[in-house]
Amino acid sequence: MVHETLLQAGVDPTTRRVMVLEAVARAEGAVSAPELLSVLSGNMNKVTLYRILDLLVEHGVLARHTGPERAAHYCLGRGHGHFHCTRCGRCICLRLADAHLERLAGPELAGLGRVDDVELRVEGVCRDCLAE
Ligand SMILES: [Zn+2]
Ligand SMILES: [Zn+2]
């Protein structure tokens with residue numbers, strides 16, 4: 001499935017690219033590059049990882065957005081929002097339907113032109129942290 005995603009995006013599915021995409025897909029929510037590095041434990045150096053992440057963002061396979069502490073976070077797909085927990089730093093993807101995003105973008109935007117992407121950032125404390 002990861003192979004097909006890469007091929008459809010016009011990216012050659014090399015072993016390393018597949019490894020990175022699989023790691024992002026397995027993650028619960030959006031992940032930062034340092035988190036990915038520790039998941040890939042020693043199988044990849046930092047420069048290679050950043051190069052692959054850039055390539056996947058460029059081809060629209062991954063979305064990059066600013067997470068907690070201004071660190072770049074990566075997740076699958078685009079045009080969705082995120083919930084950031086200010087206590088544990090977790091970054092959870094909000095799978096909003098296109099209709100929701102259009103409504104959030106507001107009627108004022110409709111007059112400005114076409115909306116291709118919306119970056120929605122919600123900040124708070126996650127359920128796990130609240131339970132502690
Ligand atoms: Zn939390
Ligand atoms: Zn996301």
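User: What spacing do the donors of the zinc ion (ligand 1) follow along the chain?

Analyst: In this predicted model, the donors of the zinc ion (ligand 1) follow C-x2-C-x37-C-x2-C. One pair links distant parts of the chain: Cys88 sits in the loop between β4 (81-85) and β5 (91-94), and Cys126 in the loop between β6 (121-124) and α7 (127-131), 38 residues apart.

User: How do you know which atoms are donors to the zinc ion (ligand 1)?

Analyst: By distance. A donor must be an N, O or S atom within 2.8 Å of this metal, and the SG atoms of Cys85, Cys88, Cys126 and Cys129 lie at 2.2 to 2.3 Å. These atoms therefore count as donors.

User: Is Cys88 buried or partly exposed, and what about Cys126?

Analyst: Buried means under 20% relative accessible area, and exposed means over 50%. Cys126 is at 3%, so Cys126 is buried. Cys88 is at 42%, which lies in between, so Cys88 is partly exposed.

User: Staying around there, what makes Arg90 and Asp128 a salt bridge?

Analyst: The test asks for a side-chain nitrogen of Lys or Arg within 4 Å of a carboxyl oxygen of Asp or Glu. The N to O distance for Arg90 and Asp128 is 3.0 Å, so the pair qualifies. This pair also links distant parts of the chain, with Arg90 in the loop between β4 and β5 and Asp128 in helix α7, 38 residues apart. Arg90 itself is partly exposed, with a relative accessible area of 28%.

User: How many salt bridges does a search of the whole structure find?

Analyst: The search finds 3. Another of them joins the side chains of Asp54 and Arg64, at 2.9 Å from N to O. Asp54 lies in helix α4 (residues 46-58) and Arg64 in strand β2, so this pair ties together parts that are 10 residues apart in sequence. Asp54, at 34% relative accessibility, is partly exposed, and so is Arg64 at 38%. There is also the bridge between Glu123 and Arg121, at 2.4 Å, N to O. Arg121 is partly exposed too, with a relative accessible area of 41%.

User: How do you know that β4 and β5 are paired?

Analyst: Pairing needs at least two bridges between the strands. β4 and β5 are joined by 4 bridges, so they count as paired, and they run antiparallel. His84 stands opposite Cys91 in β5. The hairpin of these strands has 5 residues between them, where Gly89 takes a positive phi near 80 degrees.

User: Which residues of β5 are on the covered face, and which on the uncovered one?

Analyst: Cys91 and Cys93 make up the covered face, while Ile92 and Leu94 make up the uncovered one. In a regular strand the side chains alternate between the two faces of the sheet.

User: Now the 3-stranded sheet: why do β1 and β2 stand at the edges?

Analyst: The sheet is open, with the order β1-β3-β2 and antiparallel pairing. β1 (31-32) and β2 (62-66) each have a single partner strand, so one side of each is left without a neighbour in the sheet.

User: Last one: what makes Leu109 part of a nonpolar surface patch?

Analyst: A patch member needs over 30% relative accessible area and no salt bridge. Leu109 is at 32%, so Leu109 passes the accessibility cut-off. Leu109 belongs to helix α6 (residues 107-110), and together with Leu112 and Val115 makes a patch of about 270 Å².

Conventions. Residues numbered from 1 in each chain as written. Chains lettered and ligands numbered in written order. Predicted model: local features only at pLDDT ≥ 70, side-chain atom pairs only at ≥ 80, totals over all residues. Heavy atoms only, no water. Patch = residues over 30% accessible without salt bridge, like charges linked within 9 Å, V, L, I, M, F, W, Y side chains within 5 Å. Areas by Shrake-Rupley, 256 points an atom, 1.4 Å probe, with all protein chains shown as cover. Helix = DSSP H or I, 4+ residues; strand = E, 2+ residues; numbered from the N terminus. Buried < 20%, exposed > 50% of the residue type's maximum accessible area, 1.4 Å probe, protein only. Donors = N, O, S within 2.8 Å, 3.2 Å for Na, K, Ca; no water.
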